[in-house]
Amino acid sequence: MKKIVLVILMVLPLIAGAQTKIKETAVPRSVLLALEKTYESYKVKTWYQAPGQYIAELVIDGQSGRSYFTAGGDWQYSTFPVKAEECPTMMNTYFVNNYPGYRIKTIDYVEEMNGDNYYRMVIIKKGIAENDCEMIFDTRGKLMKSNAPDPEAVKRDYYTHNNPD
């Protein structure tokens, strides 16, 4: 019995944090109006509901993305996946020169309600069970914020590991 309760307690947060696919008729009018106000032309593919927010999976000018709204209808931010070759050269150069042995997991272009636009690059060290690291770049490709390891330490470890002499 204790094992069942323990399993339920471990799984419950995962279920509670999950997003549920919903029909557009279940989306509050305030959220639909906020989407119309945020983007002039769009096509919603799917709606999701998560705790305290609604998520529109949409297409704008041929670009797929997701827009996030509060339950009260306030637009929070939108994300659009992009390829590395579509990003500023300075951003890609920074990654290549400073993170040998890492790979890019995802890159998103993010638009926030306060007008901030930036690129979010998630990288991961090649190997098994490594943690994701996030780097934020401005629209020109300059690093603004990162939780990735120190680049000098990464390069030192990489070259030491690959050149044991």
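How many bridges pair strand β4 with strand β5, and in which sense? Four, in the antiparallel sense, between β4 (residues 63–70) and β5 (residues 75–81). Strands pair if DSSP finds at least two bridges between them. Strands (E, at least two residues) and helices (H or I, at least four) are DSSP runs, numbered from the N terminus.

This is a predicted model: local features need pLDDT of at least 70, side-chain atom pairs count only at pLDDT 80 or more, and totals for chains, interfaces and linings use all residues. Residues are numbered from 1 along each chain as its sequence is written, and side-chain values use heavy atoms, without hydrogens and water.

**Sheet**

The open sheet has nine strands in the order β1-β2-β3-β4-β5-β6-β7-β8-β9, with antiparallel pairing. β1 (20–22) and β9 (143–146) stand at the edges with a single partner strand each, so one side of each lacks a neighbour in the sheet. F69 stands opposite W75 in β5.

**Salt bridges**

The whole structure holds six salt bridges (side-chain nitrogen of Lys or Arg within 4 Å of a carboxyl oxygen of Asp or Glu). Three of them are tabulated here.

| Pair | N to O distance |
|---|---|
| R120 and D108 | 2.6 Å |
| E134 and R120 | 3.9 Å |
| R140 and D138 | 2.8 Å |

D108, R120 and E134 are linked in a network. R120 lies in β7 and D108 in β6, so this pair ties together parts 12 residues apart in sequence.

D108 is buried at 11%. R120 is partly exposed at 23%. R140 is exposed at 58%, whereas D138 is buried at 10%.

Notes:
Buried means under 20% relative accessible area, exposed over 50%, partly exposed in between (1.4 Å probe, protein chains only).
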